[in-house]
Amino acid sequence: METFKIEGGVPLKGEITPQGAKNEALQILCAVLLTPEKVTINNIPDIIDVNKLIALLKNLGVKIEKIGKGSFTFQSDEINMAYLESEAFKKEGSSLRGSIMIVGPLLARFGKGYIPKPGGDKIGRRRLDTHFEGFISLGATFRYNKEDYFYGVEAEKLQGTTMLLDEASVTGTANIVMAAVLAEGKTSIYNAACEPYLQQLCKMLNSMGAKITGVGSNLLEIEGVASLGGCTHTILPDMIEIGSWIGLAAMTRSEITIKNVSWENLGVIPGTFRKLGITLEKRGDDIFIPAHTDGYEIQNYIDGSILTISDAPWPGFTPDLLSIVLVVATQARGSVLIHQKMFESRLFFVDKLIDMGAKIILCDPHRAVVIGHDFKSQLKATTMSSPDIRAGISLLIAALSAKGVSKIQNIEQIHRGYENIEERLKALGAVIETE
């Protein structure tokens, strides 16, 4: 198991370009199964989770060719459906949560889709009911093998329908949309997720010949078509990585420019960091963060009460950045309540920050109060383990700001979501190495 060794307290400086969005890539890659024609995808991040999905698609029979850095072509004209019932698939599919999204395209095009119970981050319960209830509404038959934890759906032909999702699940909406585009008739999806990732998927499907309206809203209407063609698609920059670099700049009091961020797709992310007192400048499509040598001060509400930052479905604040906000708050002036509504285990990494000297009260599995140090007391270096992708990057940011040399174990979790992170941080001046 590899470990990061980090010397903290070193100011950073320079430019960094965000990778392609992981969460978009996992959806877009599954969509290539909807057509036998060639699909070209650009700006694919070179990270563990995405590479696992690409390998899974290859094992399914997808012809894959790398044509440049982050650019691949995919052609799904000879899919091996027998692979879905193999032991190899049970092992490979269960190691990646994003593999659930192959079910919708396979069901739509081939009349059946199977998946082992997917794994992924240990951040709390993430149920799959929304996905399968959507497929059932479209006319699929559901079956579940409890002994093998194996899910399956089958249908001779999906039929358009009207459905109200029980939660605005991003992956659930994506999966249902990919099934509905080849169904007979019209499908209306109420309470659909409307994150930029989902908008990108819908735009890609429309460019392939799908008929989806309401993109960007919580009501999607889909007129089924007989078949889809090829297309070229470019993945957005990763908003979670952009937020991570904002937090890094603030915590290390560094002057950093984040390049080509696609401002129009960042939603409330810049405004949320500004509430923590962080200065962000829009320079074209870049974000410039000056060195916060005088620190940063958390805003209170206008009646003087303590600020609360909580997660919510888009256009609310993404849950993937709450851990970053929490870490950044440890060195702010003032206090903030962090309320993680969507996952019940994502705040359990705060004990590691407390060991480093942070002032945090963990109220319950969903809420933590952070009392900022205002840089009057640096966090202390320590040895810790990364429990999941987002907690891992948050601990890395804490270590880069801390006094002394820290070690972070289980860094595969960080590599699952962040591309070439050691080299990119070194380019900013960070003192970090892998052991």
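**Rings, core, domains and a cavity**

Modeller: Let us begin with one side chain in this predicted model: tyrosine 151 has a relative accessible area of 13%, so this residue counts as buried, the limit being under 20%.

Colleague: Is tyrosine 144 buried, partly exposed or exposed?

Modeller: Tyrosine 144 has a relative accessible area of 33%, and therefore falls in the partly exposed class, which lies between 20% and 50%.

Colleague: How many aromatic pairs are there, and how are the rings of tyrosine 144 and tyrosine 151 arranged?

Modeller: One looks at the distance between ring centres and then at the angle between the planes, where under 30 degrees counts as stacked. The count comes to eleven aromatic pairs. For tyrosine 144 and tyrosine 151 the ring centres are 4.7 Å apart and the planes meet at 20°, so this pair is stacked. Both tyrosines also belong to one aromatic cluster, together with Phe132, Phe135 and Phe142.

Colleague: Which domains does the assignment give for the protein chain?

Modeller: The assignment gives domain 1, made of 3-19 + 237-434, and domain 2, which covers 22-234. Their C-alpha centres lie 31 Å apart, and the contact takes 23 residues from domain 1 and 22 residues from domain 2.

Colleague: How many residues are in the largest nonpolar core, and why does this core lie between the domains?

Modeller: The largest nonpolar core has 150 residues, and Ile102 and Leu205 are those with the most contacts inside it. Domain 1 and domain 2 both give residues to this core, so it lies between them. Beyond its neighbours within four places in sequence, isoleucine 102 touches several residues, including Leu53, Phe89 and Tyr114.

Colleague: Which residues line the largest cavity?

Modeller: The lining consists of Leu236, Pro237, Met239, Val261, Ser262, Asn265 and Leu266, and by type it divides into five nonpolar, two polar and no charged residues. This cavity holds about 30 Å³ of space, and the structure has one cavity of 30 Å³ or more.

Technical notes:
Residues are numbered from 1 along each chain as its sequence is written. This is a predicted model: local features need pLDDT of at least 70, side-chain atom pairs count only at pLDDT 80 or more; totals for chains, interfaces and linings use all residues. Side-chain values use heavy atoms; hydrogens and water are left out. On a 1 Å grid over the protein atoms alone, a cavity is a set of points where a 1.4 Å probe fits but cannot get out, and a pocket is an open set with protein on both sides within 12 Å along at least five of seven lines; lining residues have an atom within 4 Å of a point. Grid points are joined across faces, edges and corners, and a volume is the space filled by probe spheres set on the points. Ala, Val, Leu, Ile, Met, Phe, Trp, Tyr, Cys and Pro count as nonpolar, Asp, Glu, Lys and Arg as charged, and the others, Gly among them, as polar. A nonpolar core is a set of buried Ala, Val, Leu, Ile, Met, Phe, Trp, Tyr and Cys residues joined through side-chain atoms within 4.5 Å. Buried means under 20% relative accessible area, exposed over 50%, partly exposed in between (1.4 Å probe, protein chains only). Domain bounds come from an automatic or database domain assignment. Contact means heavy atoms within 4.5 Å. Rings of Phe, Tyr and Trp (its six-membered ring) pair if their centres lie within 6.5 Å; planes under 30 degrees apart count as stacked, over 60 as edge-to-face and the rest as tilted.
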